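Subject: Handing over a structure

Dear colleague,

I am passing on a structure for you to look through, and my notes on what was found in it follow below. Please keep it open beside the text as you read.

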Amino acid sequence: FGSSHIGFILVVLAIEADGNMNMKAFLLLCAAVLSSVLALSFDEDAAKNRPVSKVITLLKDMLKQLEKEAAEDEEIYDKMACWCETNDKEKTKAIADAEAKIEDLTTKIEELTAASARLNTEIKNL
């Protein structure tokens, strides 16, 4: 408790002290409250060594590590997304080109097969 809390407690006790309570009893009560308040001190080193504090520290460290890994993962994802997009465009174009070439070659095979049959017929007629 800070000094403002102690002062507040003493004021509340003084207000609650009615006419039946004499000043000596009131001062004894105030002294008891003050000594109990002063006995409640906060030990920062002990608070750091509590299991709950250790868990909280561990969780905060894990959060920092997760944030760092998330940033790294986002960077890798951006690179992979760019590669996938570029690669998809290239592969789609390559597939379209290959399908067009297949059609051209199929047409060429049909033309040459017809020419071969015509020439075979001419050779037989000679």
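Lys-93 and Asp-97 are four residues apart in helix α4 and are therefore separated by about one helical turn; helices (DSSP runs of H or I, at least four residues) and strands (runs of E, at least two) are numbered from the N terminus. The two residues form a salt bridge, with the closest N and O atoms 3.0 Å apart, a salt bridge being a side-chain nitrogen of Lys or Arg within 4 Å of a carboxyl oxygen of Asp or Glu. Lys-93 is exposed at a relative accessible area of 53%, whereas Asp-97, at 43%, counts as partly exposed; here buried means under 20% relative accessible area, exposed over 50% and partly exposed in between, with a 1.4 Å probe and protein chains only.

Before going further, please note that this is a predicted model, in which local features need a pLDDT of at least 70 and side-chain atom pairs count only at pLDDT 80 or more, while totals for chains, interfaces and linings use all residues. Residues are numbered from 1 along each chain as its sequence is written, and side-chain values use heavy atoms, with hydrogens and water left out.

As for confidence, pLDDT is the predictor's confidence in each residue, from 0 to 100, and the protein averages 77, with 62% of the residues scoring at least 70.

Of the 126 residues, 6% count as buried. The protein exposes about 11200 Å², of which carbon and sulfur atoms supply 63%; accessible areas come from the Shrake-Rupley method with a 1.4 Å probe, and for residues only the protein chains shown count as cover.

To return to the charged pairs, the structure holds four salt bridges, and the one between Lys-93 and Asp-97 has already been described. Another joins the side chains of Lys-79 and Glu-75, at 3.7 Å from N to O. These two residues are four apart in helix α4, which spans residues 51–125, so about one helical turn separates them. Lys-79 is exposed, with a relative accessible area of 56%, while Glu-75 is partly exposed at 48%. A further salt bridge links the side chains of Glu-85 and Lys-89, again at 3.7 Å from N to O, and both residues lie in helix α4, four residues apart, about one turn of the helix. Lys-89 is exposed, its relative accessible area being 57%.

There is also a nonpolar patch on the surface, formed by Val-55, Leu-58, Leu-59 and Met-62, which together have about 370 Å² of accessible area. Patches are made of residues with over 30% relative accessible area and no salt bridge, where like charges are joined within 9 Å and nonpolar side chains (Val, Leu, Ile, Met, Phe, Trp, Tyr) within 5 Å. Val-55 lies in helix α4 and, at 46% relative accessibility, counts as partly exposed.

Finally, how many disulfides are there? With a disulfide taken as a pair of cysteine sulfur atoms within 2.5 Å, the count comes to zero. Cys-82 is in no disulfide, as the nearest cysteine sulfur, that of Cys-84, is 9.3 Å away. For Cys-84, too, the closest cysteine sulfur is the one in Cys-82, and this distance is too far for a bond. Cys-82 is partly exposed at 48% relative accessibility, and Cys-84 is partly exposed at 38%.

With kind regards
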